[in-house]
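Subject: Structure handover

Hello,

Please find the structure below, with notes on what was found in it.

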Amino acid sequence: MAEDLRDWLRKVDKMGELEKIDGAHWDIEIGCLTALNWKRKPSPALLFDNVPGYPGGYRVLTGSTRTPERTALTLNLAQGLSGLALLKAARQKFAEWEAKLESYPPRIVADGPVLENVVAGKEIDLLKFPVPKWHEEDGGRYIGTGDAVITRDPETGLVNAGTYRVMVHDEKTAGIYINPGRHGALHLQKWHEKGQACPVLVSVGHHPLIFRVACLQVAAGMEFHYMGAIRGEPMQLLRDEMTGLPFPVDSEIVIAGWCPPGKRLLEGPFGEWHGYYASKERAAPVIEVERVYHRNNPVLLGSPPGRPPSDSSYNTVLTNSVILFNELIKAGVPDVQGVWLSESGLSQFITVSLKQRYAGHARQAALLVSQLRRAASGNRYVVVVDEDIDPTDMEDVMWAISTRSNPETSIDIIRRTMSSSLDPMIRKPAEALFNSRAIIDACKPFEWIMEFPKVIEFKPDVVERVRKKYQSFPWPAHQ
Ligand SMILES: Cc1cc2nc3c(=O)[nH]c(=O)nc-3n(C[C@H](O)[C@H](O)[C@H](O)COP(=O)(O)O)c2cc1C
Ligand SMILES: [Mn+2]
């Protein structure tokens, strides 16, 4: 078997980045400690054990990919990098994985640790696990936050794994929130149009790689290939006899059941990724659970949203920045040095760094980025900066805005652009979900770029000379 969550935990422990917390209550306490922990520098992963009312060993993990180090570990990227260097390394790796996806089809196996406990019928109780109520105003306890929801397209047979939040309604019923257009939502729709219940599995504890690929927008039916390509060995899957759906052999907890047509229960509200409870409770599809698989002493993988930067921000920023970066290059924009969502605004605030080659180059990049799929429904600001500015460093970006933009000529507003129902700036109920975009051109003005005031900096040979002379000085890693 490939590296599982427990191997991952051992590695993180060895890195000195795992903190164990005993006795925190599932009701708000785990959620509160998790959110407070995000602000720590560095911010360790938290493993909660001995949750009151639950047997010791039934654990909850949070903060799994909060930092560049653990994100790199999870995605099999080089260690020791951060900022723009990690973005560039990740971009290279994404290209390698995508080129070899076809070589990593998942393999069905017969046995695995997740079969240690197979629970069916009357015995099923989703609250047998210490499922947290994450935020005070949440409408319930959410078992699925760092999950992978597995469904099958009834027409093509393709299997999908997507991260969609899952709330517990009662011992045997869960609610699921899926945005229209997601692969999982299309599957549900297709089964329901045939008048049939949609078979569903939800893996709610696993190696964080499984979660991180489930929340990536990859080609239909390719999530398990993608996980295999990143791991460098095919995913091993078991088959659930009841639904016929596959699930990772190294999952910690998997729930299996059916999402019937026509049945909906109130789901939400839930503290969301932008830091607000932006949507009220609403009727959402349910999963009637008929089977639960779990390892002995299982670990639930929690990744609750919150006021950013939160549990998932860093990983989401890194992976989506790679996708936007590639799409911009594919659209024909030359000399892009980097694209970076921000950890506080995510897709709402994006920075592009490029070497200006022609008049209009900066606006071209900004307009395109503001409308690309990964930014289309959430973006508000796109800032374009020159190649000497690190787009991953907000202080550098703010310096560029402060010194290289003139509000009168540098800001463009595009009206009536796409938004989403989660937009906190749209007063609901709304007739239509529009927002606007601002493009901030914080590049040196192209027509007098050669005359632009010189930046105060030290030439590399000067820095080297001073560094050699003052070796005991605590030099920053990057100059
Ligand atoms: C932490 C996290 C939570 C998410 N929660 C949801 C959710 O509740 N519902 C949803 O529709 N999308 C959610 N998403 C986005 C989807 O997981 C993402 O778009 C993914 O590509 C969906 O898989 P699909 O492309 O196979 O549909 C979430 C993403 C992240 C990073
Ligand atoms: Mn998909």
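How many bridges join strand E14 to E16? Six bridges join strand E14 (residues 253-259) to E16, and the two strands run antiparallel. Strands pair here if DSSP finds at least two bridges between them. Helices (H or I, at least four residues) and strands (E, at least two) are DSSP runs, numbered from the N terminus.

On provenance: this is a predicted model, in which local features need pLDDT of at least 70 and side-chain atom pairs count only at pLDDT 80 or more, while totals for chains, interfaces and linings use all residues. Residues are numbered from 1 along each chain as its sequence is written, and chains are lettered from A and ligands numbered from 1 in the order in which they are written.

Strand E16

Strand E10 (residues 173-177) is joined to E16 by three bridges and runs antiparallel to E16. Thr 173 faces Glu 288 of E16.

Helices H4 and H8

The axes of helix H4 (residues 83-99) and helix H8 (residues 313-330) come within 9 Å and cross at roughly 70°. H4 is therefore roughly perpendicular to H8 (angles of 65 to 115 degrees count as such; under 35 is roughly parallel, over 145 roughly antiparallel, and the rest oblique). Axes are lines fitted to C-alpha atoms, for helices over the stretch in contact, and angles run from 0 to 180 degrees between N-to-C directions.

Leu 86, Leu 87, Ala 90, Arg 91 and Phe 94 in H4 meet Leu 318, Ser 321, Val 322, Phe 325 and Asn 326 in H8 (contact: C-beta atoms, placed from the backbone, within 7 Å). The residues of this contact between H4 and H8 divide into seven nonpolar, two polar and one charged.

Ligand 1

There are 17 residues around ligand 1, and Gly 162, Thr 163, Arg 165, Arg 182 and His 183 come nearest (near: C-beta atom, placed from the backbone, within 6 Å). Strand E8 (159-162) and helix H5 (183-193) each supply at least two residues of the shell around ligand 1. By class, the shell around ligand 1 has five nonpolar, 10 polar and two charged residues.

Regards

Note on methods. Nonpolar A, V, L, I, M, F, W, Y, C, P; charged D, E, K, R; others polar. Contact = placed C-beta atoms within 7 Å.
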